[in-house]
Structures are given as C-alpha cells and as structure tokens.
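Subject: Handing over a structure, with notes

Dear colleague,

I am passing on the structure below, and my notes on what was found in it follow. Please keep it open while you read them.

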Amino acid sequence: MSRIELRIESQSRRNFLGNMLSASALVIGARILPLELAEAASTSTNEAAAAAWTPNVYLGLETDGTVIIITHRSEMGTGIRSVLPAVVADELEADWKRVKIEQAIGDKKYGDQNTDGSCSIRDFYDAMRQAGATARTMLVSAAAEKWGVSAAECKAQNHKVVHAASNRELGYGELVALAAKQAVPKKEELKLKPSAEFRYIGKPLQTIDQADIVAGKGIFGIDAKMPGMVYASIERSPVYGGKLKSFDDSAAKQVKGVQQTVVIPALTPPYQFKPLGGVAVIANSTWAALQGRKKLKVEWDAGANAAYDSVSYKQALIETVQKPQKAARNVGDVDAEFAKGGKTHEATYYVPHLAHAPMEPPAAVAEFKDGVCTIHTATQNPQAVQDTVAAALGIDKSKVICNVTLLGGGFGRKSKPDYVAEAALLSKAVGKPVKVTWSREEDIRFDYYHAVAAMYLKAAVDAKGKPTAWLQRSAFPSIGAMFNPATNTGQPFELGMGWSNLPFDIPNHRAENGPAQAHVRIGWLRSVSNIYHAFGVHSFADELAALANRDRVEYLLELLGSPRKVDLPGNPLAQKFPLDTGRLRNVIELVAEKSGWAKKKPTKGRALGIAAHWSFYSYVAAVVEVEVDSAGKLRIPRVDIAADAGQIINPDRVRNQFEGASVFGTSIALMGEITAKNGAIQQSNFDGYPVARMHEAPLVTHVHLVPSDAPPAGVGEPGVPPILPALCNAIYAATGNRIRELPINQHKLV
C-alpha cells in the first residue's frame, strides 16, 4: 500500500479511532463553535443549518504519550495545518515533538472547513484553546485522583502533570486510562493559560510537514491515485453557458489508449460550483486523454454570452459610474457640498478581470461505487465538495467522502469544486475511478474570474486640500450572480470590502454602486473586492495629496482624523472587530519610520508610494519603492509592510503571508489581465497571463508586525490591497505618470 493511501485512510473518524488509537486511548470531543455562531445555531429552526454550525474537533492521547490532533483546514502554503494544532498543543501543555497531525475529511462536525476568507485563526483560535484546555484539565484531574491530592495542587507541564509539594510527576501516557474516566469540564470552568506561559503561541514554530514538502514527499491533488482508475480530459464550451450541439469522436477513439467518450450535461442556472459540461475523453493515461480530445470535432451553441467583449464592457462600466447609482453608505450631504461650487477633483479607475492561476491546476480523482462517492482532491472546501457532488449524483451528501490532499496554491479557486463534480459524474458513467486533471490552459480559460471593475471618485476640497465632500461610485459583476442569475449589483459583503467602510474623517461622504451583468464565472480571489476598491480609494487619496502639494504620510494621517472607532453598516463582527482608526494610524506611522520615508525624498526616476487599508479585520500599511529608468523599465527594490493583525500565533508564517502578498499584489498590478472577445477568454497559460518573475517582483520585502493582544484577525489576504495603490503612487512620484487603469504594463512610464 502506498504512503498516500495510508495517510488518507487514517483521516476518517472511524479509521482515526480504529487505526490511530488503541482502545485505552483518551479521545476528547470538544465543542469548538465560536460563541456568536453557537448562539445562532442554538436558535436556528433549520436542522441542517444548525447541524452545519455545530462541529466537534477531536484530539487523542495514546498510552505511549503520543498526542494526535486532527486538523480540519486545508494546507496550501499558509502553514495552517500546523498552526491551529499548535494552539491546541499549547493549551494542552503538549510536547510538540510528540504531536501527530492528521488531515480531516469533509464533515460538518468539524465546523466550517472552507479555508477561505482569512478566517481560520480568527474563527477557531478560541475554540482550539478550549479543546486543548479541556484535555489538560482532565489529565490534571486524573493525576490528582491517583495521588489523592487536590487538582489545584497539580499542574500540567510539558507533557506531564507534576505535584510540586511531593516532587511527583506522571507522563500524559500514564494518565490516559484514568483521564478518560474524568468528567468533561464545562467551558466556563476552563482556565486558559495566561499569555506569559505560552509555549508555542507567538513563537516561530516550524510547521510539522515542512520537511516532507521540501523533500518532495508531500501528496498534492495532482498526485492522488486510486486502484483501477482511468483518466479524463474534457472539451468545454469556449463561451460561458454554451451548450453542445453535436460532436464526432471517431478520430478521438482511434488514439492509442482512448477508451470512450462521455457527455457531461450542460450547465444550468444557478451555476454555482456545477461542472461546465462538455465532452470527456476517457483513456488509460492523461496524455492519451489529451491527445484524444484534440481529435474531437465539436460544435457549440454559444448562447447568451457570445457577444461578451472586454473592450465594450469596460466602456459600459465606465459609463455606468459616471451616473448616479444606489447608495451603499451616505454620511452628511455630499450634493449640497458640491453645489457650493468650490474646488473639486475627480478621477475614474479601472481594474480588469484577474485569474487565480495557482501553480497546481485543479485535479481530482473520484470513485462512485455502491451509492458512495469517494474522492481525493486538492480543495479548500471539502464540505462544498460534498454538497456539489451529492447534487450532481443525486445522492445524500453523507455518501460523499472527501479526502483532502495538499494544495499547490489556491487563492480562492479551489473552494469551487466544479472539477471534483466532473470526476464524480464521469466515474458514475464509466463505472471506474476517474482522474480529472485540468491543464494550465483550461485553468486560465475557465476560471472563476476576479471581477472587472470601474470606479469614479470625486471630492470637494478646502483651502488646505482636505476633502469636505467625497463621492465614490463603482460597478462590477457580483459573485452573487453565481448563486442568483438575477444579481447584477454588488452584495453587502463585496461593498464592505473597502468601499462602504471608508475610514477617512470626511463630513460628507457617499458610496454608490451600479449594475453590471456577469458574462463569465465570477469568484473570490485573494482579498476579493478589496483589490479594486483599495486601488481606487487610495490612488484617489494620493491624487488629492499631490494636488495639495502635501507629504503623503501627513496627508493620509490627516484624512484619518483623530483615533476613533467607526460605526460601519453591515459589519457582523463589529463588537469584536470594530474599525479602529487609531490602529490604522499606528501602522502608517510604523511603516513610514521603517521604510525611511522622511529620509528618501522623491527624485526623478526613484520614489516611494504609500497606502493603508483595513480588511479581514487587520490593519495594513505598505510603502513601495520604485526605480524607473530612462527607457521606462520598472524595478522594485524594496517593499515595507506594517501590519496589526491582533494576536499573532506564528510570526514566521505571518511574515510569510505578507511577503507572499507583496509578490502577489505587484504581480497582478504589473501584468494581470484577463480579456474576452466573442464570449471567449483570450488568454491561456502563462504566456498570455504572466505572473511576476524574480526580476520583476520586489527585491526584498520587510514585514513589521505590531505586538497586540487584540483578537486574531486575518493575515492571508489583507497584505494584497495596499500594494497596488502604493506601487502606482510610487510610480507617479517617480515619473509624474498617474496609473488609473491596470495592468501597469499597458502604460508607458516615461
């Protein structure tokens, strides 16, 4: 049996108990639901919804002292598969060297497993601490019973319980049997460790599987295998929503290794995460399937999106934002202030579609047998896999077993399991396990694209250049259209990402949003709507500073005003995570100091740019330094990022996330652009949709983390939004050329 099969089989709860733990092992099932969600679940009248929010997390202790922790999030380079278990281990007072981690299958008992939205730590930090503290409390109680002393006299310490008064100690393994008989303490009875006693939280603890990944031993979705499987490559409509008219597979079947072809039903609204439909070539290898697919002769009915064209659509979006639209936030009286006839400034910005383009394209292997579908795949959301596959096959989702492999990048793409449903449908059709592997070209041509967006901003300014009124208007196709085709305006969660939550201290402010129809699949990409909103807002702020001939940092701080907590519409976690402009000021001042802002005055061809943004409840400011030579060639010698993300669990992993955001943000700003003509995407592979190479990325990124005891916030995504405007603001300071449309490589810089 191969190593991957061993690991995957050990992931299920049944196998966890059957294989990993002996009969005498202690198993802790702790309620891990965040309080606010628990309250919502407890009052829900919808049994399914309540069940989806009432998970358990499991940890086990072997009699040899081994601690086994099941991690329920997906690993795609963030280190989360080790970071959350480290929180459990810290509260448990476990020796990290004696901890084993196993990946969970998709199951509602683990809570929301969608590793998306920078919420893994934010949502599960408290719950994981409670789980570890529960086990520690029971171990201490067991030792106290054995010694006949009060539990208050005993203390857990590095994988053992000690009784200082008698100088006795017992290892965790020795206490397993007795601990299993102890009463499970109530949550309110738990005593969490003070931060001064943290062993792993706040420390640069090495991820537990780093060595295997570096050595090439890690198993990714594209590596997954099942006995007897066949391989599939799928020809899909080049136009979103197109339908199959006819096909001739006679030549395809002549290719050596090709076994048969299968038609996957056409996509029907709402499109959600359903397969796109098409003709699949089944073969004895991926190569044979690809060659057979090239021989297919297929005719399509392109459907309603056949006329989609990026040039005309861009113009339509820009025309939309020139006209009044529905207000998402309205403070004071913007129109009255503009009517006074003072000095005003206005600008229009544009960001094109973007693709996720992870290094590992989507891949899945599925077997449908005896009414059960077993899957191995790289997914950010195994529960969405269960839902989507169950709907496609017409079975209950409890009959869908989703095993999660490592992910070779995700950025939000692999939270949509359309490719997994393809494998499941094909397995049902051919009666064998089927492996579906998307090519690079397929991944870029059939992505869930980041929304194209146009933004118009206008401000009235006083004699010192400070805005007295600020109007902002946007139009972009909504992610909501994937779930309701009638949706043609931004959803509250999208508008709450840097648009309706402007932190500036301006007496008159209105944020509007206009209609935009979706003609391709729209999905969330790392930092989502914050990308275009931050680009528009913070480019415009820089334009106002330039008009006022002000230092950008001083101007930005003046825009923020005095430290305060901003009352925002539609912030579901406002009590725990209010927008605190004092923390935003702090990261601006910190990044200015660390980057040497005051000492590096702009010169021709060399300058710094700054932007600061609040997203995923983290405060991030970035300073980008650029050099532009006489030929217009751009170089980025340095980026500084200051971040206040609340309590930091693993500073190495957090720095890694912000360093990655620096490269990701500069890459999409420099060269990210997806376009459509006659309904079809024009780019495929990295020649048409490049990502920044080493000489194009920032030469060095310095990350400055703010010590904080505030609740942990997001770190995977919030580093991206300020990078784009900071980079463009630096280019303006160095060259005098203002970039209002991305990507940058479409512009002459000198």
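How are α17 and α18 oriented to each other: roughly parallel or roughly antiparallel? Before the answer, a word on the source: this is a predicted model, in which local features need pLDDT of at least 70, side-chain atom pairs count only at pLDDT 80 or more, and totals for chains, interfaces and linings use all residues. Residues are numbered from 1 along each chain as its sequence is written, and side-chain values use heavy atoms, with hydrogens and water left out.

**Helix pairs**

Helix α17 (residues 552–560) and helix α18 (residues 581–595) pack at an angle of about 175 degrees with their axes 10 Å apart, and α17 and α18 are therefore roughly antiparallel to each other. Helices here are DSSP runs (H or I, at least four residues), as are strands (E, at least two), numbered from the N terminus; axes are lines fitted to C-alpha atoms, for helices over the stretch in contact, and angles run from 0 to 180 degrees between N-to-C directions. Angles under 35 degrees count as roughly parallel, over 145 as roughly antiparallel, 65 to 115 as roughly perpendicular and the rest as oblique. The contact (heavy atoms within 4.5 Å) brings Val 553, Leu 556, Leu 557 and Leu 560 of α17 together with Thr 581, Leu 584, Arg 585, Ile 588, Glu 589 and Ala 592 of α18. By class, this contact of α17 with α18 has 7 nonpolar, 1 polar and 2 charged residues, where Ala, Val, Leu, Ile, Met, Phe, Trp, Tyr, Cys and Pro count as nonpolar, Asp, Glu, Lys and Arg as charged, and the others, Gly among them, as polar.

In another pair, the axes of helix α16 (residues 530–547) and helix α21 (residues 723–735) come within 8 Å and cross at roughly 30 degrees, which makes α16 roughly parallel to α21. The crossing of α16 and α21 is right-handed, meaning that the near helix is turned clockwise from the far one by less than a right angle. Among the residues making the contact are Ile 531, Phe 535 and His 538 of α16, and Leu 724, Cys 728 and Tyr 732 of α21; the residues of this contact divide into 8 nonpolar, 3 polar and 1 charged.

The axes of helix α12 (residues 382–393) and helix α13 (residues 418–430) come within 9 Å and cross at roughly 35 degrees, and this crossing of α12 and α13 is right-handed as well.

**Backbone details**

Most residues other than glycine have a negative phi, and most peptide bonds are trans. A cis peptide bond, however, joins Pro 269 and Pro 270, with omega about -10 degrees, and Pro 270 lies in the loop between β10 (258–264) and β11 (278–283). The bond from Leu 742 to Pro 743 is also cis, with omega near 5 degrees, and Pro 743 is placed in the segment after α21. Ala 357, although not a glycine, has a positive phi of about 50 degrees; this residue, Ala 357, lies in the loop between β14 (343–351) and β15 (363–369).
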